[in-house]
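Hi everyone, thanks for coming. Let me put the structure up on the screen, and then we can walk through it together.

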Amino acid sequence: MTRRLSDLAPAGCSDHLSPMDQLPPGVNPKVLRDELAAAAEWAARYLSELAEEPVSRPMPATQRDRLRDARLGREGVELGRVLDFVREEIAPFPTGNGHPAFFAWVNSPPAPAGIIAELLACAVNATCGMGDNALMDLERGTVRMLAGLAGLPDTTGGVLTSGGSMANLLALATARTWFLTRRGSGDGAAYDRDHARLTLYYSAQAHMSVAKAAACIGLPAHRLRPVPADAHDRLDPAALRAAVTADLDAGLLPFCVVTTLGTTATGAVDPLEPVTALCRRTGMWHHADGAWGGLGATVPALAPLYRGVGAVDSLTVDPHKTLSVPVGCGALLVPDPEHLHTAFAHRASYLTAGEDDALPWLSHATIELTRPGTRALALWATLSHLGQAGVTALIEHYLTLADELRRRIAAQPGMELLAGGPWPVACFRVTRPAGEDPDEFHARIARRVQSRGRAYLATVAVHGRTVLRACLCNYRTTTDDLDLLISEVLHAAALDEPPHPGR
Ligand SMILES: *Cc1c(COP(=O)(O)O)cnc(C)c1O
């Protein structure tokens, strides 16, 4: 195996390659320092210049092929090639969610504190699944910080996850085990009999990850009850009660209700207290999916909607949404963490040394064993940098911008604002040319705005129709970006108008 000379002995370098770095991937310490510094320099410049670049650009087919058909060379390349590769091949083609004029989905830019923390956590490289290390304790601490912000009790434990989808999956698996264990049907013939009758409830506005999680734990589609939402896109407790009653009468086993705090389409918050009351009465688990809106209790204007949040059985929060923690950080919070352990603690002879019974390893509270410490450190760093007041101010900033955007849309001739909120999203329509299919028209506007690259928004189905959707979750977005978005949408829509006579 040949070593890159530049990895071993940079010009003018007095450091020697230590014996432990003789084999790749080891490099000379000076080379590592220089490359880390160059990467940090590049990242800082990239972030500061991002707003001047297009939000996104179409990926040329040759570029796509180059990445998809990448082949591993026989000999390794020098370390410096990593930064060149990112600069030339990766950074020019982002999703766009770092850019202040990106309004699609709920994808934030990365918080500076989170970026630094990710790098540092990689250097420490602890696994937050087993053994004894500071990052696993920090994960326990950050979970409790989130619980405090969300309004959950001090007893709350939980785990960080890759995102909201994984947190919802853990929640449903936990609810299922809790329900069956209490009935004495955790195994055997009782399991066979009862598992087939488990029935799950959520509003028709719930995120698709809920139905996906249900499929993963073995619930067939005909045991899922997407209950119709009310006129404001919230779960309707009366419709929920009726569905549960009908299923009980039919001999089924209602085991869990999922409420949504901040629905993806329109930002609605489901009623919490009536659902908890129904769950207590009928022996169901109440999981709240707050991937987007789980921290609403920290905001005085939203807090009344979160009354009773402390009584849910589990809560999903996605710090990579509202808090701008770099992507890959969700959380499942469980007021009684014993339920997580009942669902996920599995023992093995090769995994016993050093575990303290009073402090179970985090692998006993989730599916993963070897788990990254980047989530805990990036979340801790982002939260610490913000402080409690900063978390509230950040969410309030999004709410204010969304109000501004809604006001501008409502005042704009040719645009119609649809219901939305309280979470910061605006769904709207544009007056279409006569005869044009409205769904196709709005899909085309979104595509045109996206491909022009000055702003970026998406579409969503609201009450059965495809409309435009703009979501506020970028701390760098200003009212100028709102004006830009509106003018880009109007420009894209005008391309469909018949030309003026004489033009
Ligand atoms: C985004 C979202 C999810 C999924 O979270 P990921 O982090 O994308 O996996 C689930 N539920 C709701 C309400 C969401 O907004």
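**Where the ligand sits**

Let's start with the ligand, which sits in the second largest pocket. A pocket here is an open set of points on a 1 Å grid over the protein atoms alone, with protein on both sides within 12 Å along at least five of seven lines, and a molecule sits in one if more than half of its atoms lie within 2 Å of its grid points. Please keep in mind that this is a predicted model, where local features need pLDDT of at least 70, side-chain atom pairs count only at pLDDT 80 or more, and totals for chains, interfaces and linings use all residues. Residues are numbered from 1 along each chain as its sequence is written, and side-chain values use heavy atoms, with hydrogens and water left out.

So what surrounds the ligand? There are 15 residues, and the closest are Gly 164, Ser 165, Asp 289, Asp 318 and Lys 321; to count, a residue needs a heavy atom within 4 Å. By type, the shell has 2 nonpolar, 10 polar and 3 charged residues, with Gly counted as polar. Helix α7, residues 164-182, gives the most to this shell, with 3 residues; helices are DSSP runs of H or I with at least four residues, and strands are runs of E with at least two.

Now for the polar contacts, meaning pairs of N or O atoms within 3.5 Å. The side chain of Ser 165 places an N or O atom 2.6 Å from a ligand oxygen. For Asp 289, a side-chain N or O atom is 2.6 Å from a ligand nitrogen. His 320 has a polar side-chain atom 2.8 Å from an oxygen of the ligand. On its own the ligand exposes 380 Å², and the protein buries 85% of that, using the Shrake-Rupley method with a 1.4 Å probe.

Stepping back, the domain assignment gives domain 1 (5-94), domain 2 (116-346 + 359-386) and domain 3 (389-494). The C-alpha centres of domain 1 and domain 2 are 38 Å apart.

Last, a backbone detail: the peptide bond from Pro 24 to Pro 25 is cis, with omega near 10°, and Pro 25 is in the loop between α1 (5-8) and α2 (29-49).

Key: A polar contact is a pair of N or O atoms within 3.5 Å; within protein, one must be able to donate a hydrogen and the other to accept it, and residues adjacent in sequence count only if both atoms are side-chain atoms. On a 1 Å grid over the protein atoms alone, a cavity is a set of points where a 1.4 Å probe fits but cannot get out, and a pocket is an open set with protein on both sides within 12 Å along at least five of seven lines; lining residues have an atom within 4 Å of a point. Domain bounds come from an automatic or database domain assignment.
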